[in-house]
Amino acid sequence: MTPLLAAFAPPYWLSTVIKVLVIGAVVPTTALILGVVFLFKIMSWMQSRLGPQEAGPRGTLQLLADGVKFLQKEDISPNGADLWVFKAAPLVVLASTLLLYVALPSSLHLVVEDLDVGVFYVLAVSSLSVIGVLMAGWASNNKYSLMGALRAAGQLIAYELPMVLAVVGVVIQAGTMSLNGIVLSQNDGAVFGITAIGNPFILTQFIGFFIFIAAVQAELTQPPFDMPVAESEIVSGYQVEYTGFRFLIFFLAEFATAFVFAGIAVVLFLGGWAVPWLPVDSDWYYVLGPAVLFGKVMAVAFLIFWVRFTYPRLREDQLQSFAWKFLIPLALLNIVVTAVLKVVL
Amino acid sequence: MLALLVAQNIAFYVIAALIVFGAIRVVTCKNLMHAALWLVVVLAGVAAQYILLAAEFVAVTQVLVYLGAIIVLFLFGIMLTRAKTGTDEDLDNGTIPKVGAGVIGVAMLGLLGYSLWDGFGDQEIGDLLVQRTAEVSDSIFSTYLLPFEVISVLLLAALIGAIVLARRD
């Protein structure tokens, strides 16, 4: 099967169609997997509950049932809402998520577009979702929505910076911004002459990894950084007025973004899809690459959701000072140290 | 190559028309928030034109800086100050500012058009190759090092100035 895949070279239009279809299939699937595994099952076990039991074996199809339920609901928009902006907002958020999947490599060739600007592109398109959030909050004509959107914008701007700065350390060490280039440079590396696990950047960039994961948590507006959707204060922020499939789109986008950010973290810090003792152009990677990536992504996602389920919400001033007074200086220090060591060693 | 160029030209004109339409809506909109959102269309269109010109790095920078930061700050500011839905009649300027803006706009169009014509004439640009990010950084940190440093210092001065103006104590 693998040689067949390797020899498959479709014309441009066909490969574009295939890429669009693959992204269209992968985004809801990954969101569904994260939702079922973490939000329903692992969260329940952490809280000594069973979680959903009825739909499918041990309740594994519960989210699918919920999705169908959302699709059946009436498409309601509030009185005095700005209809066009209100309806477009979830799509802007979803578009940002779809664009993120474009750059995530699952092997040397299994990547939608191997961009030369790689990780820079990822950071740029991830910031587009803020526009959608602000649109949603403003167009709902609801003061809770507006407050939620303002909190979201303040938080996302604040945590965008540590995220960019955490990535800079990795880019300096790898010497490239291309995501596949970063995977290859980890794969070719060695730790004290031992090449068995390559040189995953988490060993040298552990500070960067910590900052990146904290910033991802904030970008996803998950607890302990869930001020924008704090249900006990502002109902659920910018999502208050959304029902049916528009709410479903927000939900999908959140979990799909969690997956793809975990994937980016894996590529940047954990060696991505590569297995160091197998040559990178081996045909096995057409099957093995996505599997390895998926396994590592689930491990990182477990970390993200573990924090989500166990920590209480930060206060707004704690949240801002954590970003500006702790994460950003730490990230700058990390960059300086990395740059000095890169030149000296 | 020819087919690619034709496709590129068609895409250019479609996106250019969208940008011009968006730009007109930015200044004629009766709602401040809508004007800001039309500005998103304009800036995203500019990023798309950069991609057509095979300047990946510039396009991504355009998205990160203009769409991801500046527009978000615009929307943030508007929502903090006047966040009402519906139209706002006192947004419009009088006749004299409108005519003045029109004259300046036409003058800028003429100036930029002339400088383009003066610089390139009917010279044909060859194949567009994707510009690697490494080339961009190499030219910034060798040929254009001095302008780059001057701009950095200028931006730093602007930043400090903004902080000084904003702080009251």
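A:Ile23 sits in helix 2 (residues 12–46) of chain A. Helices (H or I, at least four residues) and strands (E, at least two) are DSSP runs, numbered from the N terminus. The structure is a predicted model, in which local features need pLDDT of at least 70, side-chain atom pairs count only at pLDDT 80 or more, and totals for chains, interfaces and linings use all residues. Residues are numbered from 1 along each chain as its sequence is written, and chains are lettered from A and ligands numbered from 1 in the order in which they are written. A:Ile23 is partly exposed because 17 other C-beta atoms lie within 10 Å. A residue is buried if 20 or more other C-beta atoms lie within 10 Å of its own, exposed if 12 or fewer, and partly exposed in between, with C-beta atoms placed from the backbone. Not counting residues up to four places away in sequence, A:Ile23 touches A:Leu98, A:Tyr101 and A:Val112. Contact here requires that the C-beta atoms of two residues, placed from the backbone, lie within 7 Å. A:Ser106 is 83 residues from A:Ile23 along the chain, and their C-alpha atoms are separated by 13 Å.

Two loops of chain A were examined next. A:Ser48 lies in the loop between helix 2 and helix 3. Its phi is positive, about 55 degrees, although A:Ser48 is not a glycine. Most residues other than glycine have a negative phi. A:Ser48 counts as exposed because it has 6 C-beta neighbours inside 10 Å. A:Asp75 is found in the loop between helix 3 (62–72) and helix 4 (83–103) of chain A. A:Asp75 also counts as exposed, with 10 C-beta neighbours inside 10 Å. Not counting residues up to four places away in sequence, A:Asp75 touches A:Gly244 and A:Arg246. The C-alpha atoms of A:Asp75 and A:Val171 are separated by 45 Å, and these residues are 96 apart along the chain.

The largest nonpolar core has 122 residues. Such a core is a set of buried Ala, Val, Leu, Ile, Met, Phe, Trp, Tyr and Cys residues joined through C-beta atoms within 7 Å. A:Leu134, A:Ala149 and A:Ala265 have the most contacts inside this core. Helix 11 (residues 244–269) of chain A gives the most to the core, with 18 residues. In helix 11 of chain A, 22 of the 26 residues are buried. At 1.5 Å a residue, helix 11 of chain A should span 38 Å, and its end C-alpha atoms are 38 Å apart, which agrees. The expected span is 1.5 Å times one less than the number of residues in a helix. Just after helix 11 of chain A, A:Gly271 takes a positive phi of about 90 degrees. Leaving aside neighbours within four places in sequence, A:Ala265 is in contact with A:Phe212, A:Ile213, A:Val216 and A:Val300.

Helix 9 (residues 206–219) of chain A has 14 residues and should span 20 Å; its end C-alpha atoms are 20 Å apart, which agrees. Of these 14 residues, 11 are buried. Among them are A:Phe212, A:Ile213 and A:Val216. The buried residues of helix 9 pack against helix 5, helix 7, helix 11, helix 12 (285–310) and helix 13 (316–344) of chain A. A:Thr221 follows helix 9 of chain A and has a positive phi, near 50 degrees.

Chain B comes to six helices and zero strands. Buried residues make up 14% of its 169 residues. Among contacts in chain B between residues at least 6 apart in sequence, 62% join residues at least 24 apart. Chain B is divided into domain 1 (1–84), domain 2 (93–122) and domain 3 (132–169), with bounds from an automatic or database domain assignment. The centres of domain 1 and domain 2 of chain B, taken over C-alpha atoms, are separated by 20 Å. B:Ala54 lies in the loop between helix 2 (32–52) and helix 3 (56–81) of chain B. Its phi is positive, near 65 degrees. B:Ala54 is partly exposed, with 14 other C-beta atoms within 10 Å.

The contact between the chains takes 25 residues from chain A and 21 residues from chain B. Helix 5 (118–126), helix 6 (129–139) and helix 7 (143–174) of chain A each supply at least two residues of the side of chain A that touches chain B. That side has 20 nonpolar, three polar and two charged residues. Ala, Val, Leu, Ile, Met, Phe, Trp, Tyr, Cys and Pro count as nonpolar, Asp, Glu, Lys and Arg as charged, and the others, Gly among them, as polar.

Chain B averages a pLDDT (the predictor's confidence in each residue, from 0 to 100) of 83. The predictor gives the complex an ipTM of 0.80 and a pTM of 0.85.
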